[in-house]
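Here is a short report on a protein chain. Please look at the sequence and the model first.

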Amino acid sequence: SFGLTLPYASTGHSNMSWASDLYVTVAMVFIKLMVYAYEYLTMPIYFMFSKTLYFMPFPEDEQTYIQKFSAEESRILSMPVRQDDPAAAWRAVEYIDNLATVALPGCPTLADLWLRTIRLWPRKPALGTREILKTDFETTPDGRKMVKLTMGEYLWETFAEAERRVSALSAGLRDLLGPSTEDRGDAASGGCPSPLVIFSETR
């Protein structure tokens, strides 16, 4: 009896294992097909409503890519301001005749750079802060006490939200100190603002 039932049980277990492997294979193929179909069907919509092409264009053919890469690699980036002077300073070829006066075109001041950033990415996270949940002191082997902080999650301000605070601070400083250099008027008439020193400490 034992000799007859053993082959039967072994065959049944083998059949179940084979069927289980088949079900898993079919399920994986079905899932892959669904994922591929979703990607290809939604790709046109994605490129229509995103700016990905502006930052990451479609790849070109290999020959064109090699030509552009070779031209960029062989391009002269800097050269001496005086060709016959080995001790002359080197400058970028774009500014060989004069130094750059602005960081970016149309942004002559730091305020212009900040406002440009606001216009480009108003809803992007700009400033993040973390709340100190707990402060502990640990003693090192040499007897020094080290501060150990338990911090919370980051709370982010967007560039637009940070701009509102910057504008409020600048308006308060102008009200406190007076008008700017361009329209402060004669110092004798009281138009010159008072000097102010701001000390900022970070860790």
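The report below covers fold, surface, hairpin and salt bridges.

This is a predicted model, in which local features need pLDDT of at least 70, side-chain atom pairs count only at pLDDT 80 or more, and totals for chains, interfaces and linings use all residues. Residues are numbered from 1 along each chain as its sequence is written, and side-chain values use heavy atoms, with hydrogens and water left out.

**Fold**

The protein chain has five helices and four strands. Both are DSSP runs numbered from the N terminus: helices are H or I with at least four residues, strands E with at least two. The order from the N terminus is α-α-α-β-β-α-β-β-α. Contacts are counted here between residues at least 6 apart in sequence, and 32% of these join residues at least 24 apart. A contact means heavy atoms within 4.5 Å.

**Surface**

Of the 203 residues of the protein chain, 6% are buried. Buried means under 20% relative accessible area, exposed over 50%, and partly exposed in between (1.4 Å probe, protein chains only). The protein chain exposes about 18300 Å², and carbon and sulfur atoms supply 63% of that area. Areas come from the Shrake-Rupley method with a 1.4 Å probe; for residues, only the protein chains shown count as cover.

V24, M28, F30, I31, M34, V35, Y36, Y40 and M43 form a nonpolar surface patch with about 950 Å² of accessible area together. Patches take residues with over 30% relative accessible area and no salt bridge; like charges are joined within 9 Å, nonpolar side chains (Val, Leu, Ile, Met, Phe, Trp, Tyr) within 5 Å. Y40 lies in helix α1 (residues 2–48). Y40 is exposed, at 60% relative accessible area.

**Hairpin**

Strands β3 (residues 125–139) and β4 (residues 145–158) pair antiparallel over twelve bridges. Pairing requires at least two DSSP bridges between two strands. F137 stands opposite V147 in β4. Five residues separate the strands of this hairpin, and G143 takes a positive phi near 95°.

**Salt bridges**

The count is six salt bridges. Each is a side-chain nitrogen of Lys or Arg within 4 Å of a carboxyl oxygen of Asp or Glu.

| Pair | N to O distance |
|---|---|
| R75 and E94 | 3.5 Å |
| R82 and D85 | 3.0 Å |
| K134 and D136 | 4.0 Å |

R75 and E94 link distant parts of the chain, 19 residues apart. R75 sits in the loop between α3 (62–74) and β1 (78–80), E94 in the loop between β2 (90–92) and α4 (110–120). R75 is partly exposed at 36% relative accessible area. R82 is partly exposed at 45%, and D85 is partly exposed at 25%.
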